[in-house]
Amino acid sequence: MAVLATLQQAAVLPPEGTREADRVIQTVIQLQSVFAKGTDASIQEFARRALADKHGEQAATGLQQFRTNGWTADILEALADADVKAQLDEREQLTAGLRQFNLSLDDFRKFMQLVRDGRSALTAQGLVFDEVYTHHRSTMPGAAR
């Protein structure tokens, strides 16, 4: 997956084969389902607001692209930024929607921290998260060429 490859290049993932690494992989997969296919109103509103904060009126286009094609660097960064800005009660509203996919708020927060850490690490290397992610995505099986 491009998300994991990007975070691996940023050197922010736990060691391969550990229980923590397995949980990250599961979280990446499950969170994509939570936000792309889940019907929980709080989850969908959180994603909509995250993209609206970043893109204003073009947020709907970004959400539709994500629902059709899966993770994008744009949605990952928007969610990670929204997580930092969210009040505790806003985050707690995500609990029911996350639980439907066997995730906790802690799983969500840890993954969002990995995205932020990955972005910072790549920036320190003179790289751009979006560009690294796009490169990895283009090399994945089934990628449109």
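A residue counts as buried when its relative accessible area is under 20%, as exposed when over 50%, and as partly exposed in between. The exercises below concern a predicted model.

**Exercise 1. State what the mean pLDDT of the protein is, and which helices have the lowest and the highest mean values.**

Solution. 
Step 1. The protein has a mean pLDDT of 93, and 97% of its residues reach 70 or more.
Step 2. Among the elements, the lowest mean pLDDT, 83, belongs to helix α4 (residues 59–69). The highest, 98, belongs to helix α8 (residues 105–124).

**Exercise 2. Determine how many aromatic pairs a search of the whole structure finds, and classify the pair F35 and F108 by its geometry.**

Solution. 
Step 1. The search finds four aromatic pairs.
Step 2. In the pair of F35 and F108, the ring centres are 5.9 Å apart and the planes stand at 35 degrees. An angle under 30 degrees would count as stacked and one over 60 as edge-to-face; the pair is accordingly tilted.
Step 3. This pair links distant parts of the chain, with F35 in helix α2 (residues 19–37) and F108 in helix α8, 73 residues apart.
Step 4. F35 has 1% relative accessibility and counts as buried. F108 likewise has 1% relative accessibility and counts as buried.

**Exercise 3. Find the geometry of the pair F46 and F108, and state which residues ring pairs link into a cluster.**

Solution. 
Step 1. The ring centres of F46 and F108 are 5.8 Å apart and the planes stand at 80 degrees, so the pair is edge-to-face.
Step 2. Distant parts of the chain are again linked: F46 lies in helix α3 (residues 41–55) and F108 in helix α8, 62 residues apart.
Step 3. F46 has a relative accessible area of 3% and is therefore buried.
Step 4. F35, F46 and F108 are joined by ring pairs into a cluster.
Step 5. Residues up to four places away in sequence being excluded, F108 touches L31, F35, F46, D83, L94 and L98.

**Exercise 4. Identify which residues of the largest nonpolar core touch the most other members, and which helix gives the most to this core.**

Solution. 
Step 1. The core holds 44 residues, and those touching the most other members are L31, F35, W71, L79, L98, F108 and F111.
Step 2. At least two residues each come from α1 (2–9), α2, α3, α4, α5 (73–85), α8 and α9 (129–139).
Step 3. Helix α8 gives the most, with eight residues.

**Exercise 5. Count the salt bridges, then state where the partners R23 and D107, K54 and E77, and K110 and D106 lie.**

Solution. 
Step 1. The count comes to twelve salt bridges.
Step 2. R23 and D107 form a salt bridge with their closest N and O atoms 2.3 Å apart. R23 lies in helix α2 and D107 in helix α8, 84 residues apart, which links distant parts of the chain. R23 is partly exposed at 28% relative accessibility, whereas D107 is buried at 11%.
Step 3. K54 and E77 meet in a salt bridge with an N to O distance of 3.7 Å. The pair links distant parts of the chain, K54 being in helix α3 and E77 in helix α5, 23 residues apart. K54 is partly exposed at 35% relative accessibility, whereas E77 is buried at 11%.
Step 4. K110 and D106 form a salt bridge whose closest N and O atoms are 3.2 Å apart. Both residues lie in helix α8, four residues apart, about one turn of the helix. K110 is exposed at 52% relative accessibility, and D106 is partly exposed at 43%.
Step 5. Through shared partners, salt bridges join K54, D74, E77, D81 and R119 into one network.

Methods:
Residues numbered from 1 in each chain as written. Predicted model: local features only at pLDDT ≥ 70, side-chain atom pairs only at ≥ 80, totals over all residues. Heavy atoms only, no water. pLDDT = per-residue confidence, 0-100. Phe/Tyr/Trp six-rings, centres within 6.5 Å; stacked < 30°, edge-to-face > 60°. Buried < 20%, exposed > 50% of the residue type's maximum accessible area, 1.4 Å probe, protein only. Core = buried A, V, L, I, M, F, W, Y, C linked by side-chain atoms within 4.5 Å. Contact = heavy atoms within 4.5 Å. Salt bridge = Lys/Arg side-chain N within 4 Å of Asp/Glu carboxyl O.
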